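Open the model in your viewer and keep the selection panel at hand.

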Amino acid sequence: MSKPEAVLGGPASIVETACPLDCPDACSLAVTVRHGKVVAIDGGHTNPVTDGYICAKVRKFGERIYGPDRLMHPAVRVGRKGEGRFRRVSWEEALELVAERFRRAKTEAGGASILPYSYGGSNGLLTQDNIDAQLWRRFGTSRLARTVCAAPTGAANMALYGKMPSVTYQDYPHAKLIILWGVNPSASGIHLIPFVREAQKLGAKLVVVDPRSTQHARAADIHLQVKPGTDVVVALAIHRHLFATGRADAKFLAEHTRNADKLRERAEPWTFARAADIAGVDPATLEQVAEWYASTSPALIRCGWGLERNRNGGNAAMSVLALPAVGGKFGVRGGGYSMSNSASWDITRPWIAADEPETRVVNMNHLGRALTEYNDPPVKVLFVYNCNPAATVPDQRRIVRGLEREDLFTVVFEQVMTDTALYADVILPNTTFLEGYDVAKAYGPIHLELGRPVIDAVGEARSNADVFGELASRLGVIGDDEPKGELDLMLHVLDNLPGTIGGDLRAGSPATSPFGPAPVQFVDVFPKTPDRRVDLFPAELEASTPMGLYRFQPDPATDRYPLALISPSSERTISSTLGELPRPDVKLTMHPEDAKARGLSDGDLVRVFNDLGEVHCPLAVLPTVRPGMVSLPKGIWRRSTRNGMTGTALVPDTLTDIGEGACFNDARVQVGSLATA
Ligand code: SF4
């Protein structure tokens, strides 16, 4: 596993592990450690797709481990909430205080007055949904609907295909047409890029559907620069074309799908002219894309997460994901669709040995409301881990108001002093993925690999399993024979993984997928729906979707707030992870026409505002965004702007049509000079 490293001039070793962060690729890593410290992070070769190459973000991960923001010991608040003044305490004092507040809240207002709040700070199997979930269930806390990301696309993929495994990176070079829809691999999932380039070299056409002119859009044969929130009508126009020109695959539809006629009915009104008018694209170009899709095989759609972040997000995902079924694009290598492969391993987490209680469900996008308005019961204790909601969740001002409540007891279990940790009553320091075990699960490639500790825990940091096991013991909701610490949990998880996965990982190999690393859809894998058919018009979803399936809700822009603000992933953070690192000023990007109309110039300090809040930052005037929209990066922290507010301060907490996801790209704003404000 390790070998001496002479070049660095000291006793050093290279330790192999894997990256479990919230990214599709799960790179194998080779970490150079000297005198017990991480000195370099590079790519390992166990994952054949990532094969020695990693992103610049994780190369810098040492700056998080040893940076000034790292939380080194438990602490309790001594200053005002948000002020960031804390007193160091022992783990014993911190955990007993937390346990005592849990007991008190439950006695006074019931378990539902405790809200555990977490998301994908890491996607590792040991990081969440194990001892933590068992603790929350057995103690009867509120339940959290984890819907801030991937809920609409996940719901669509589940309804249509039961989350069938999708085309993996290795098969992209077989495609003759690739559509990158709402995804920017330069920012997330970088290992897809060489496979797309290889396909292009072999003659594949590339279409990019994205409101921004990204590097891939500029390299594409066609870039459909759609208005945010209009992907659904673009996809429906392609469906209409397939049906109207007899290129819907009647044989495939009859043998493998249900309810194609109902989808056809909903697509019928979407002529190229009408869809193009709403999406703000040229109708002839849209028709060209539809014609390429109808006439090319293998044709592959990479469905990303950008298209789901608006009021029409679920229907957009439904419409896009239904295209290969209607067009008959399955059954050939390089054909079909490609999106999250997270469900490919059928891991059902049997190690959560407790049933879900019937307690209240809180949608995580409504955190601000939950903290300021919910009364049945009010939230008395908030336990935040693996996420930083004060920076990342819609309606930031309302969330901050909630976090400022003096009668709210907030625990933040974190690696660094986040925007949320500043409001904590108790801080518990957490290990990073280089300080413990985990199982890294890719959701782009089909790859599962064991992550090992590379260094000892820094300061007094402890792992999730250790802390939740200890807390569960104090609260009397864990048996003596149940796993309580990280090593225990890791062995228990390995013993309970399906098939040969646990054995493979114990042997130090990546797990072997039952259908190989690159399954062909409708040859090697089929829908995991009850009858193995694609349901193109699921009745339950039609009933629960406010406007019905394959419907479009108009743009929420107003005369006062005409600009669509989007917040795409950037090359600097993984969601908000690493947002604490110093960086150049975060800028608002605006098209030159919009800047001119407002008398603004590149570099001006501007105020981006709506009725929910405002953000102050410099302006970048660039034609990479389309007129009528502006862009701020996803995942920035409050320190990154001039007034300490991020783009989420401008995002309403409305929910998507399907999946109750966040509508980040439904923020409508105005922009003016800060000098004249
Ligand atoms: S964040 Fe993604 S690209 Fe970067 S090292 Fe981790 S898995 Fe690889």
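Two strands pair if DSSP finds at least two bridges between them. Helices (H or I, at least four residues) and strands (E, at least two) are DSSP runs, numbered from the N terminus. This is a predicted model: local features need pLDDT of at least 70, side-chain atom pairs count only at pLDDT 80 or more, and totals for chains, interfaces and linings use all residues. Residues are numbered from 1 along each chain as its sequence is written, and side-chain values use heavy atoms, without hydrogens or water.

**Stop 1**

Select the five strands that form an open, parallel sheet in the order 10-9-8-12-13. Go to the edges: strand 10 (222-224) and strand 13 (336-338) each have a single partner strand, so one side of each is left without a neighbour in the sheet. On average, neighbouring strands here are turned by 15° against each other, direction ignored.

Zoom in on strand 9 (residues 205-209), which pairs with strand 10 in the parallel sense over three bridges. Which residue of strand 10 is the bridge partner of Val208? Pick His223.

**Stop 2: aromatic pairs**

Rings of Phe, Tyr and Trp (its six-membered ring) pair if their centres lie within 6.5 Å; planes under 30 degrees apart count as stacked, over 60 as edge-to-face and the rest as tilted. The count comes to 23 aromatic pairs.

Select Phe102 and Trp136: the centres are 6.1 Å apart and the planes at 25°, so the pair is stacked. Phe102 lies in helix 3 (residues 91-109) and Trp136 in helix 4 (residues 131-139), so the pair ties together parts 34 residues apart in sequence. Phe102 counts as buried at 0% relative accessibility (buried means under 20% relative accessible area, exposed over 50%, partly exposed in between; 1.4 Å probe, protein chains only). Trp136, at 9%, is buried too.

Next, Tyr561 and Phe609: edge-to-face, 6.2 Å centre to centre, 85° between the planes.

Finish with the aromatic cluster of Phe102, Trp136, Phe139, Phe383, Tyr385, Phe413 and Phe468.

Key:
Axes fitted to C-alpha atoms, helices over the stretch in contact; angles between N-to-C directions.
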